[in-house]
Amino acid sequence: MTTVYHDQDADLTDLAGETIAVVGYGNQGRSQALNLRDSGLRVIVGNIGDEARARAKSEGFETHDVVEASARADVLMLLIPDEVMPEVYTRDVAPRLREGACLSFASGYTVTFDLVKPKTTLDVVLVAPRMIGPGVRDRYVEGRGFPSFVAVHQDATGRGKARMLALAKGIGSTRAGCLELSMAQEAHLDLFTEQGFGPAMGLALRQSIELLVEQGYPPEAVLMELYMSGELAYSAQRFVDTGLIAQMDFHSHTSQYGSMTRSARLMDVDLKPRLLEHLDEIRSGKFAKEWDAEQKAGLPLYNQMRQMRELVPLAEWERKARRAFRMD
Ligand code: NDP
């Protein structure tokens with residue numbers, strides 16, 4: 001049975017008197033710190049860089065370096081990029097974080113793949129918004145929420161769940177709902193969206209573009225038709241608002257008939273075995289090891305592939321279409 005927590009399941013007083021150190025004042029860190037403070041909680045900010053730290057200070061936060069913030073924390077929200085987390089945790093956070101503190105993540109990646117190994121004396125929780133950082137703040141200010149995945153990975157004090165729920169309420173997420181699962185499940189789902197669903201969707205899009213251009217349709221028209229007009233993005237919002245099935249009623253009868261009958265014809269295209277390969281690499285930790293080795297080697301493949309993506313015909317077609325429609 002899936003559990004989804006709402007406002008009434010969480011109590012902000014479970015964090016009363018506790019200092020929450022938000023480490024990292026970037027996409028998630030800034031939004032979450034502001035939301036927690038506006039929810040009446042005591043928040044300080046820990047950051048390395050001058051710019052983000054100066055911003056936090058100008059926005060009224062007590063700021064420290066990461067080591068000092070860790071020493072002052074009852075709850076520490078580690079909101080820095082996953083790639084730097086192992087080093088920062090081991091060097092700056094772990095030696096100073098006191099017994100019984102709560103360590104909170106917005107992504108299950110580093111703990112799931114053993115890149116960060118929290119001490120057993122800590123509560124370890126996950127509050128992972130399904131929302132980009134600016135959206136976390138905007139929704140809070142508008143009085144709306146945003147969904148999150150939450151988990152209690154380690155409960156050293158017996159207060160892990162209460163603290164996790166209070167954090168989720170403090171950032172405004174229980175207004176929409178927080179679904180409980182394991183940290184590993186969150187990491188797997190997140191990576192699969194990026195490595196399974198995303199590339200499969202990209203493949204359908206790329207092959208459609210190539211086919212239509214090969215068949216003589218102007219590239220600018222093809223791109224506009226398929227996604228650049230914004231119609232697809234608008235429809236995608238309808239998927240969210242009403243559901244994938246119900247939104248079909250917003251399309252013409254011709255569109256619905258053509259789409260349903262031709263979808264049925266493609267039923268025999270079975271992507272699942274290939275997608276399962278990607279999921280298995282995620283679950284076994286093979287991907288995490290590969291990505292860790294790539295970073296340690298100085299990102300040779302990553303940089304090579306970034307260069308290659310600028311050379312595909314689509315990059316030039318997009319530039320032309322953007323110029324033609326004065327989108328820049
Ligand atoms: P950002 O890239 O926005 O984090 C930037 C912050 O991290 C800045 O304050 C930066 O400091 C600090 N930082 C960067 N490098 C270091 C370092 N070596 N040592 C210490 N601090 C450093 O991260 P996100 O907000 O995107 O991600 C934070 C967490 O949230 C991650 O676990 C991510 O997976 C998760 N998440 C992110 C989402 C998103 O929408 N981006 C959505 C859901 C979860 P400075 O600027 O001074 O260099």
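The dialogue below turns to aromatic rings and then to helix packing.

Mentor: This is a predicted model, in which local features need pLDDT of at least 70, side-chain atom pairs count only at pLDDT 80 or more, and totals for chains, interfaces and linings use all residues. Residues are numbered from 1 along each chain as its sequence is written, and side-chain values use heavy atoms, with hydrogens and water left out.

Trainee: How many aromatic pairs does a search of the whole structure find?

Mentor: A pair of aromatic rings is described by the distance of the centres and the angle of the planes. Rings of Phe, Tyr and Trp (its six-membered ring) pair if their centres lie within 6.5 Å; planes under 30 degrees apart are stacked, over 60 edge-to-face, and the rest tilted. The search finds 3 aromatic pairs. One of them, Trp291 with Tyr302, is tilted, at 6.0 Å centre to centre and 45 degrees between the planes.

Trainee: At what angle do the axes of H8 and H12 cross?

Mentor: Two packed helices are described by the angle between their axes and the distance between the axes. Helices are DSSP runs (H or I, at least four residues), numbered from the N terminus. Axes are lines fitted to C-alpha atoms over the stretch in contact (heavy atoms within 4.5 Å), with angles from 0 to 180 degrees between N-to-C directions. The axes of H8 (residues 183–214) and H12 (residues 272–283) come within 10 Å and cross at roughly 155 degrees. H8 is therefore roughly antiparallel to H12 (angles over 145 degrees).

Notes: Helix = DSSP H or I, 4+ residues; strand = E, 2+ residues; numbered from the N terminus. Parallel < 35°, antiparallel > 145°, perpendicular 65-115°, else oblique.
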